[in-house]
Amino acid sequence: QASVHFRTADPAAIPHYEREIIPNKYRTVKLDLETIKSELKQAPMRGQFQQRSQMKPFSIPMPDGTTQRFLIYESPVMAPGLAAKYPQIKTYGGFGVDAPHATIRLGWGEDGFNAMILMEGETVFIDPYQKNDQEHYVVYYKKDYGAANKAHHFGCLLDDDNHNHNSHQRPTDRPSLKIEGE
């Protein structure tokens, strides 16, 4: 039996703050914060489980109103020292139960919960409904995040003025690149 971590939410009943991610079409859900945090603490560490049958299924909401079950494991992406400094940031991976070829990557941090689900022919995202709100989330297909939104959130932030392409000297400072969005 999979635990229920999300419930459908009425956007009209949510106090509104600043929204950053507004897909053209989406489902709004409310996260049971304490339940999911408690259950994610029990997820086995990547590589430390013998069989998938040892893992507890998590129900994850889909944009179409259904849910999909996933077996979740902890999958840290930070070096141990950095992870110790920021224990509130956790990352996980998972395998599809209902859709065996599906995979999920999810995480928990200061801004709340995020997830990306790769299914046959579809990519699903779960992102915070708005800033400073760790209870409400939007669940949407990648295809429903329109071109106007992509222009706002995607971009290369490399400052070309500080990088001389014609110089044959090795630079002492390396340019940095920040990519936002997907």
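Predicted model: local features only at pLDDT ≥ 70, side-chain atom pairs only at ≥ 80, totals over all residues.

Visitor: Switching to charges, how many salt bridges does the structure hold?

Guide: There are 7 salt bridges in the structure. One of them joins the side chains of E20 and K131, with a distance of 3.5 Å from N to O. That pair links distant parts of the chain, since E20 sits in the loop between β2 and β3 while K131 sits in the loop between β9 (122–128) and β10 (136–141), 111 residues apart.

Visitor: Are those two buried or exposed, or something in between?

Guide: Both fall in between: E20 is partly exposed at 42% relative accessibility, and K131 is partly exposed at 34%.

Visitor: Which residues are linked with them in a network?

Guide: The network of salt bridges links E18, E20 and K131.

Visitor: What does E135 form a salt bridge with?

Guide: E135 pairs with K30, and their closest N and O atoms are 3.7 Å apart. Because E135 lies in the loop between β9 and β10 and K30 in strand β3, this pair ties together parts of the chain that are 105 residues apart in sequence. E135 is partly exposed, with a relative accessible area of 34%, and K30 is also partly exposed, at 37%.

Visitor: What about K90, which residue does it form a salt bridge with?

Guide: K90 forms a salt bridge with E74, where the closest N and O atoms are 3.7 Å apart. K90 lies in strand β6 and E74 in strand β5 (residues 67–74), so here the parts tied together are 16 residues apart in sequence. K90 counts as partly exposed at 33% relative accessibility, whereas E74, at 14%, counts as buried.

Visitor: You promised me an arginine. Where is R19 found?

Guide: R19 is in the loop between β2 (6–8) and β3 (27–31). This residue is buried yet has no salt bridge.

Visitor: Why does D133 not count as a partner?

Guide: D133 is the nearest side chain of opposite charge, but it is 8.5 Å away from R19, and a salt bridge has to be within 4 Å.

Visitor: Then what does the side chain of R19 make a polar contact with?

Guide: It is the side chain of Y26, at 3.2 Å. Leaving aside neighbours within four places in sequence, R19 is in contact with Y26, Y129, Q130 and V138.

Visitor: Last topic, which residues make the nonpolar surface patch?

Guide: L82, Y86 and I89 make a nonpolar surface patch of about 230 Å². Of these, I89 is found in the loop between α2 (80–85) and β6 (90–96), and I89 counts as partly exposed because its relative accessibility is 33%.

Note on methods:
Residues numbered from 1 in each chain as written. Heavy atoms only, no water. Patch = residues over 30% accessible without salt bridge, like charges linked within 9 Å, V, L, I, M, F, W, Y side chains within 5 Å. Areas by Shrake-Rupley, 256 points an atom, 1.4 Å probe, with all protein chains shown as cover. Helix = DSSP H or I, 4+ residues; strand = E, 2+ residues; numbered from the N terminus. Buried < 20%, exposed > 50% of the residue type's maximum accessible area, 1.4 Å probe, protein only. Lys, Arg positive; Asp, Glu negative; His and termini not counted. Polar contact = N/O pair within 3.5 Å; in protein donor to acceptor, adjacent residues only side chain to side chain. Contact = heavy atoms within 4.5 Å.
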